[in-house]
Protein chains: 2
Amino acid sequence: MRKIFEAELQALGDDLEQMAELVLKAITGASNALQTQDLTLAQQVIADDQAIDALERDLDERCVLLLAQQQPVATDLRVIVSVLRMSASLERMGDLARHIAEVSRRAFPNPGSPSQLRDTYEQMGEAAQRVAQRVYEIVTSHDLEEAGSIERDDDLLDELHNSVFTTVLGPDWKGSAQETVDATLLSRYFERFGDHGVSVARRVQYLVTGEFGPVEA
Amino acid sequence: MRKIFEAELQALGDDLEQMAELVLKAITGASNALQTQDLTLAQQVIADDQAIDALERDLDERCVLLLAQQQPVATDLRVIVSVLRMSASLERMGDLARHIAEVSRRAFPNPGSPSQLRDTYEQMGEAAQRVAQRVYEIVTSHDLEEAGSIERDDDLLDELHNSVFTTVLGPDWKGSAQETVDATLLSRYFERFGDHGVSVARRVQYLVTGEFGPVEA
């Protein structure tokens with residue numbers, strides 16, 4: 001009985017890793033499509049989000065089944081509750097990567113990111129990819145060493161988010177209404193992506209230490 | 001033992017109702033503050049969001065404790081897992097109402113909603129308030145009769161969200177960049193508020209019927 005249960009827990013962990021890997025692929029694709037006006041890549045990210053959604057639904061059902069059938073306590077219970085929450089965050093990260101790709105698709109053949117903000121979105125894309133990379137690593141290894149760097153990249157994303165508004169609302173902004181709308185939405189998507197990355201890192205911390213709180217640097 | 005457990009479950013339900021009531025109050029205040037440039041009301045909504053966040057954290061901890069201590073099965077388990085998820089959605093709805101109030105606060109003494117979109121945001125505010133009212137009712141009564149109207153108001157919010165972009169990107173848009181940014185963000189906040197309302201309705205449906213899927217009209 002215990003053996004089957006442990007195999008089930010292991011399978012949950014494997015699926016969560018797979019979700020984190022797909023999220024990393026999604027945000028990498030979405031960021032690159034935004035920089036290079038790559039329509040095919042944008043469409044790929046949009047299509048691939050279904051796989052992340054399907055994994056979340058499946059994980060969700062299996063967690064509830066495990067809670068019902070196995071009556072887990074202590075660490076086992078903590079694992080299952082954490083998987084439930086992390087998969088919800090990863091699913092949202094996938095949605096946000098898809099939304100970024102949708103901006104590129106709509107703008108094609110023009111760039112999705114306004115030219116005045118090209119560097120900013122390049123930085124946001126890089127920070128978001130680092131967040132996704134670290135999230136994948138800590139979901140896989142449960143090594144919290146890199147968790148602090150997720151919080152720092154989230155802070156950077158917040159700063160860049162604010163700088164977008166400074167640019168858009170400044171005297172030198174030459175963007176059309178469409179560019180202003182896209183700039184606002186893209187910035188919001190990247191900023192939320194960072195928030196969810198921090199949330200996953202804190203859940204892993206809870207899993208490892210039993211304590212929930214800001215991740216140490 | 002069973003008696004204490006039932007009292008705990010009842011207390012979870014009471015707190016969830018309280019959260020739904022606070023969310024209704026928040027979106028009502030945020031919508032009104034947006035229409036009337038009422039800075040005091042906007043600040044009240046922003047301050048009150050802390051109470052919603054605190055309720056969520058508390059509910060969360062108690063759900064995990066109950067899972068650990070009581071090893072619930074079947075319906076009890078379904079209740080606890082549903083409460084975990086509904087409280088997360090209600091917490092996000094509170095955040096979105098706060099974000100709407102923050103737009104009003106920043107714009108004060110000017111209106112937070114651009115004049116060309118005043119009617120649209122009035123309609124969005126009304127639809128969002130109906131969503132919150134129905135969510136409160138079905139969380140309280142578990143009567144699914146009104147669940148369909150939440151989906152319809154969510155559809156209406158999606159339509160209004162699209163119409164905002166039609167206006168902002170149309171030839172008659174006279175708004176400044178600040179107004180374009182505010183219009184985009186406000187619209188996105190209302191649209192997401194509707195999504196979370198539908199999510200709560202579906203969780204109540206799962207609780208009542210054991211089936212998860214689109215709520216019948």
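Trainee: Over which ring does Arg78(A) lie?

Mentor: This is a predicted model, where local features need pLDDT of at least 70, side-chain atom pairs count only at pLDDT 80 or more, and totals for chains, interfaces and linings use all residues. Side-chain values use heavy atoms, with hydrogens and water left out, while residues are numbered from 1 along each chain as its sequence is written, and chains are lettered from A in the order in which they are written. A charge sits over a ring if NZ of Lys or CZ of Arg is within 6 Å of the ring centre and within 35 degrees of the ring normal. Arg78(A) lies 5.9 Å from the ring centre, over the face of Tyr206(A).

Trainee: And in chain B, how far is the charged end of Arg78(B) from the centre of the ring of Tyr206(B)?

Mentor: The charged end of Arg78(B) sits over the ring of Tyr206(B). Its distance from the centre of that ring is 5.9 Å.

Trainee: How much area do chain A and chain B bury between them?

Mentor: Contact means heavy atoms within 4.5 Å, and 28 residues of chain A are in contact with 28 residues of chain B. Buried area is the accessible area (1.4 Å probe) that two parts lose on being put together, summed over both. For chain A and chain B, 63% of this area is on carbon and sulfur atoms, and the area itself is about 2300 Å².

Trainee: Which side chain meets Arg85(B) in a salt bridge?

Mentor: A salt bridge is a side-chain nitrogen of Lys or Arg within 4 Å of a carboxyl oxygen of Asp or Glu, and the rule finds 2 of them across the interface of chain A and chain B. Arg85(B) takes part in a salt bridge at 2.2 Å, N to O, and the partner is Asp60(A).

Trainee: Which side chain of opposite charge is nearest to Glu91(B)?

Mentor: Glu91(B) lies in helix H3 of chain B, a helix being a DSSP run (H or I, at least four residues) numbered from the N terminus. Leaving aside neighbours within four places in sequence, Glu91(B) is in contact with Met19(B), Ile52(B), Asp53(B) and Glu56(B). Glu91(B) is buried (under 20% relative accessible area, with exposed over 50% and partly exposed in between, using a 1.4 Å probe and protein chains only). Lys and Arg count as positive and Asp and Glu as negative, without His or the chain ends; Glu91(B) has no salt bridge, and the nearest side chain of opposite charge, 5.3 Å away, is Arg92(B).

Trainee: Is Ile100(A) buried or exposed?

Mentor: Ile100(A) lies in helix H3 of chain A, and, not counting residues up to four places away in sequence, the residues that it touches include Ile27(A), Leu34(A) and Phe190(A). Ile100(A) and Leu185(A) are 85 residues apart in sequence, yet 8.3 Å apart in space, C-alpha to C-alpha. Because the relative accessibility of Ile100(A) is 0%, this residue counts as buried.

Trainee: What is phi of His142(A) near?

Mentor: His142(A) lies in the loop between H4 and helix H5 (147-168) of chain A. The residue counts as partly exposed because its relative accessibility is 37%. Phi of His142(A) is a positive value in a residue other than glycine, near 55°.

Trainee: Which kind of peptide bond, cis or trans, runs from Phe108(A) to Pro109(A)?

Mentor: Pro109(A) is placed in the loop between helix H3 (74-107) and helix H4 (118-141) of chain A. With omega near 5°, the peptide bond from Phe108(A) to Pro109(A) is cis.

Conventions. Helices (H or I, at least four residues) and strands (E, at least two) are DSSP runs, numbered from the N terminus.
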